[in-house]
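Here is a short briefing to read with the model open beside you.

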Amino acid sequence: MKYNLSIKTEKENLKKVRVFLEKILKDLHVSDIEANQLILVVDEILANLMIHSAKNNDKKDIDLTLTEEGGEITFEIYDYNSPYFDLTQHEDANLQDLVRQKRKGGMGLTLVKNIMDEVEVYYEDNTNIWRLQKRFPYLLVKK
Amino acid sequence: MNLNTEKEQGIHIIHIEGDLDASSSIVLDTAMYEAISNEEKHILINCEKLNYISSAGLGVFMSHLSDLEEKNIFFGLYGMSEKVKNVFEILGLQQLINNYTNKEEALQAIGV
């Protein structure tokens with residue numbers, strides 16, 4: 001099954017995306033805690049894109065797809081007209097440093113990497129395509 | 001998200017209801033800043049009605065930890081649901097931030 005959603009980069013839309021995903025993941029019989037983790041992952045990526053977009057005063061469209069196949073859930077997030085994002089340069093959050101520096105940010109991508117089995121970013125046609133995958137063997141059993 | 005504060009037995013309690021995300025975390029940040037500026041001695045966050053938290057919400061707590069410690073203010077959260085607690089645990093934040101099952105346990109820790 002494949003589901004699609006297109007949204008504008010406005011923080012007010014984060015809740016809409018969460019509600020959209022919550023319903024789908026419930027229908028797919030993903031457990032409450034794991035559904036919350038998946039919703040969080042998408043929320044974190046979108047929030048980052050929205051903050052960046054707001055800095056550039058550039059409201060744009062983002063496409064999101066969710067695919068469930070063979071016990072795997074895959075998200076793809078299309079961030080159009082963006083400079084290349086090099087995920088390999090991202091360093092996981094050091095909690096002690098964050099506390100010392102009184103920083104509010106810096107944990108989102110670490111959460112994403114800790115939750116998902118695979119996190120990749122492809123760059124094609126000025127678009128960063130985030131591909132996030134997690135395996136749920138129990139979804140196969142429930143079918 | 002809805003937020004309100006109250007003083008009970010000399011303890012400053014911030015009640016959070018709904019979703020704490022990138023669009024709403026600024027409200028909590030202001031409430032935390034005011035409580036710390038007012039030199040409150042004990043600050044508790046009631047999470048019984050907190051439905052969702054993202055890193056933006058976690059970041060608010062993290063950014064105030066060193067000021068709370070410096071001013072010797074007791075700080076803790078109580079009443080987190082399993083899914084909210086799970087988000088704290090993914091990053092290991094439960095080792096940095098006091099969290100209690102319920103209000104009674106939190107008050108006991110304060111010694112009230």
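Predicted model: local features only at pLDDT ≥ 70, side-chain atom pairs only at ≥ 80, totals over all residues.

**Strand pairing in chain B**

- Strand β1 (residues 2–8) of chain B pairs with strand β2 (residues 11–20) of chain B in the antiparallel sense, over 7 bridges.
- Within this pairing, B:Ile13 in β2(B) is the residue that stands opposite B:Glu6.
- On to the next strand: β2(B) and strand β3 (residues 42–53) of chain B run parallel and are joined by 8 bridges.
- B:Ile13 turns up here as well, with B:Leu44 as its bridge partner in β3(B).

- To get from β2(B) to β3(B), the chain passes through helix α1 (residues 25–37) of chain B.
- This β-α-β crossover is right-handed.

**Where chain A meets chain B**

- The contact involves 26 residues of chain A and 23 residues of chain B.
- On the chain A side, at least two residues come from each of α1 (14–27), α2 (32–55), α3 (95–101) and α4 (108–115) of chain A.
- Which helix gives the most to the side of chain A that touches chain B? That is α2(A), with 7 residues.
- By residue type, the side of chain A that touches chain B divides into 11 charged, 10 nonpolar and 5 polar residues.

Terms used:
Residues numbered from 1 in each chain as written. Chains lettered and ligands numbered in written order. Pairing = 2+ DSSP bridges. Helix = DSSP H or I, 4+ residues; strand = E, 2+ residues; numbered from the N terminus. Right-handed = clockwise from strand over helix to strand, strands pointing away. Contact = placed C-beta atoms within 7 Å. Nonpolar A, V, L, I, M, F, W, Y, C, P; charged D, E, K, R; others polar.
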